Every structure is written in structure tokens, then in C-alpha cells.
Amino acid sequence: MTKKADIFDLKDIPKIGPIGIEKLENEGIFTKREMLAWSWVEISEITGMSKIDAEAAIQYCKNKLQKSGMMQKSEMNALEVMEHREKLKRWTTGSTAVDDLIGMIEAEAVTEFSGKFGSGKTQFGHTLCATICMEKPEGKQQNTVLYIDSEKTFRPDRLKQIILAKDPKADWKDILSRVIVQNATSSVEMIAILKNSAHLIEELNIKGIILDSATARFRQQHAEFGQQGYKFRQLNKFVHLLGNISDVYSIAVVAINQVYDSTDPFSPGQKIYGGNVWGHAMTYRIGLRKKGKAFVATTIDFPHKPVEDALYDITKAGITDIKEKKKK
Ligand code: ADP
Ligand code: MG
């Protein structure tokens with residue numbers, strides 16, 4: 001492993017001694033940045049520190065990274081926020097109509113796509129693998145995507161088709177080798193994958209984490225055992241991690257989610273899985289649905305946009321604009 005610069009080192013963190021460092025390293029936490037992906041609850045559990053000391057340790061790491069310019073300041077004036085947001089990396093969904101509607105897929109945000117079966121959620125996931133990994137990198141290292149597949153619907157041959165439809169000369173084998181696919185069969189495994197991914201992000205230059213589906217394993221597992229309280233605690237932990245990872249590493253997180261028909265007579269209609277805990281943790285929420293031969297994306301919950309629609313299509317090239325098909 002490459003030697004990390006002092007700014008990342010865990011040694012100077014107050015109240016963490018060699019044994020604490022060893023315990024953190026055993027959990028895959030080697031740097032100050034990796035500390036920030038975790039909550040004080042977990043740091044306290046791992047090291048045995050008091051909750052107050054764990055909170056102080058996380059704050060210490062944050063201050064160090066902010067002072068060194070490795071991380072955005074917590075306090076900025078509106079102009080600085082604007083400048084920071086202008087510099088954020090953004091990736092195309094494959095459809096300019098959807099990009100114009102949602103402002104593309106943004107780093108330092110958790111973007112949710114929800115919709116019924118067949119609305120194109122998995123196609124968005126596959127297309128984003130292509131657009132992120134086919135982007136010309138800023139530095140020497142090419143972009144990588146982590147695809148967490150809990151539905152067993154990831155298809156490398158579909159990704160190959162999308163890549164070659166976008167660029168027949170593309171080195172598709174190289175691109176496929178930069179999409180890391182992790183299968184998750186339980187909510188515990190989903191959380192473990194995310195935690196273990198933290199130290200890979202910098203090493204592999206991961207620019208996007210796509211979760212398809214982000215919630216199914218929580219939903220299924222806890223419906224079976226009827227553990228509502230446990231389910232929400234696990235979900236809370238999970239969304240907290242998702243948000244932290246996207247911010248700390250300045251990467252895009254795309255959470256694919258299901259909808260269901262409510263059986264509550266006082267609150268009928270279609271609902272998105274996860275409830276308030278989940279919903280509040282999403283930065284942008286996009287609803288997908290099929291409408292005749294076309295597909296519709298809707299900005300369900302955006303901090304700066306009204307509820308609006310854009311049409312898209314699904315073709316050999318993945319998610320595209322509608323007109324591309326008509327031109328053929
Ligand atoms: P969801 O994940 O929301 O259940 P999908 O992303 O699997 O839905 O989208 C299913 C849609 O994508 C279907 O309408 C299907 O016809 C279309 N689709 C899948 N693969 C291709 C392809 N290779 N070419 C064109 N359309 C495709
Ligand atoms: Mg799907």
C-alpha cells in the first residue's frame with residue numbers, strides 16, 4: 001500500500017493510541033478521511049472511546065482536512081457555496097432532456113431513481129457506468145464505478161452494448177474491468193460493502209457508487225423478521241454512510257429504489273420505499289415511469305426545482321433522448 005501523507009495519518013488524533021489505531025486499521029480505517037465516512041457511534045464501538053471523545057476525534061479529522069484544503073469548509077458564504085457547486089463534477093445520464101431537468105448526476109450528492117418494475121431504473125444504472133467510465137479522466141488514472149447489485153440484474157453484456165453504441169471504437173474490455181460489481185444478499189452485507197469501499201475509492205479512483213437496488217435487501221429481510229425498529233436503525237446507518245461517502249470523497253452516489261402501493265386508507269397511492277428516514281437523506285429524488293412507448297422522469301423532490309417532467313427513451317445506447325430513435 002502507498003504511504004499516506006501526514007495529513008491523513010491517524011497518529012496525531014487526540015485520545016487515540018497505538019491500540020486504538022490498530023483497532024481502526026482492523027476495520028479498514030487507515031486515514032483521517034476514512035474516519036469521516038463513519039459516525040461517532042461506530043468509532044466509539046470500534047475503539048472503545050467514549051462517545052464524546054469519538055465525536056471530538058471525527059471533528060479533529062474534519063478540521064485537519066478542511067485546513068489543508070482537502071475538504072470543503074463547513075462554513076462558507078453564499079458566493080463560496082456557488083463557486084464550490086460550479087466546480088462539482090457532473091455526469092450525463094445519457095439523455096440531455098433528463099440532464100437539463102435534473103442538472104446531471106452530481107458529485108457530493110445522493111441521487112435517487114425510483115419507479116415501478118420496467119421503468120428503466122437498472123438502465124440508468126448501466127448507462128451511468130458507461131458515461132462515468134468512458135469520461136476522459138482529469139489525471140492519469142481512469143474513472144472507476146462501484147456497482148452494488150442486490151437484485152442480480154447487472155448484465156455486463158448490456159453494458160458492453162451501451163459502450164459500443166456510444167463509441168464503436170471504445171476499448172470495452174478495459175471499461176468493463178473498471179466497473180466493480182459487488183453482490184449483496186443482505187442489509188448487513190450492503191453496509192459492509194460500503195464500509196469496505198471507503199479505502200478503495202482513492203486507490204481505484206471510484207467516481208460513482210450505484211446501488212441497484214439500495215433498499216430491497218432492507219425491505220425483504222426485515223419484512224421476514226418483522227423487526228421494524230431494527231430495520232430503521234440499519235437504514236439510518238446505511239443512508240448516513242452513503243451521504244458521508246459522497247461528501248468526503250466528492251463522488252456521485254446513485255440509489256435505485258422501488259415503489260409500492262400503500263395499503264393505508266388514510267394515505268393511499270404510490271409510495272417510495274424507506275419512509276422519512278430514507279427520504280430526508282436523499283439529495284435529489286427522481287421518479288421514473290413508462291408512458292406509452294416513452295418513459296418519463298419527474299423531479300419529485302429537489303431543493304431548488306419545481307416538480308417537472310422530461311421524456312427519455314431506452315435504446316441500444318441505454319438511456320437516450322426520444323428523438324434519437326426517430327432519426328433512425
Ligand atoms: P427497472 O430496473 O426499472 O425494473 P429496467 O431498467 O430493467 O427497469 O428497464 C426495462 C426496460 O428497458 C424495458 O422497457 C426494456 O425493454 C428496456 N431495455 C432493456 N434492455 C434493452 C436493450 N438492450 N435495448 C433496448 N431496450 C432495452
Ligand atoms: Mg431493475
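In which helix is Asn276 found? Asn276 is found in helix H13, which covers residues 275-281, where helices (H or I, at least four residues) and strands (E, at least two) are DSSP runs numbered from the N terminus.

Before I go on, a word about the source. This is a predicted model, in which local features need pLDDT of at least 70 and side-chain atom pairs count only at pLDDT 80 or more, while totals for chains, interfaces and linings use all residues. Residues are numbered from 1 along each chain as its sequence is written, chains are lettered from A and ligands numbered from 1 in the order in which they are written, and side-chain values use heavy atoms, with hydrogens and water left out.

Let me turn to the whole protein. It has 14 helices and 13 strands. Its radius of gyration, taken over C-alpha atoms, is 20 Å, close to the 20 Å that the globule rule (2.2 Å times the number of residues to the power 0.38) gives for 328 residues, so the protein is as compact as a globular protein of that length. Along the principal axes, its C-alpha atoms fill a box of roughly 65 × 55 × 40 Å.

Of the 328 residues, 48% are buried, and here buried means under 20% relative accessible area, exposed means over 50%, and partly exposed lies in between, with a 1.4 Å probe and protein chains only. If we take the contacts (heavy atoms within 4.5 Å) with a separation of 6 or more, 64% of them are between residues 24 or more positions apart. The protein exposes about 16,500 Å², of which carbon and sulfur atoms supply 53%; these areas come from the Shrake-Rupley method with a 1.4 Å probe, and for residues only the protein chains shown count as cover.

Leu194 lies in helix H10, residues 187-204, and is buried, with a relative accessible area of 0%. Beyond its neighbours within four places in sequence, Leu194 is in contact with Ile148, Ile209, Phe238, Leu241, Leu242 and Ile245.

Not counting residues up to four places away in sequence, Ala252 touches Ile209 and several others, among them Trp91, Ile105 and Ala109. The C-alpha atoms of Ala252 and Asn77, 175 residues apart in sequence, are 24 Å apart in space.

Ala109 is in turn one of the contacts of Ser246, including also Glu108, Val110, Ile251 and Val253, once neighbours within four places in sequence are left aside. Ser246 lies in helix H12, residues 228-248, and is buried, with a relative accessible area of 1%.

Finally, the cysteines. How many disulfides does the count come to? With a disulfide taken as a pair of cysteine sulfur atoms within 2.5 Å, the count comes to 0. Cys129 is in no disulfide, and the nearest cysteine sulfur, that of Cys133, is 6.4 Å away. Cys129 is buried, with a relative accessible area of 0%, and Cys61 is buried, with a relative accessible area of 0%.
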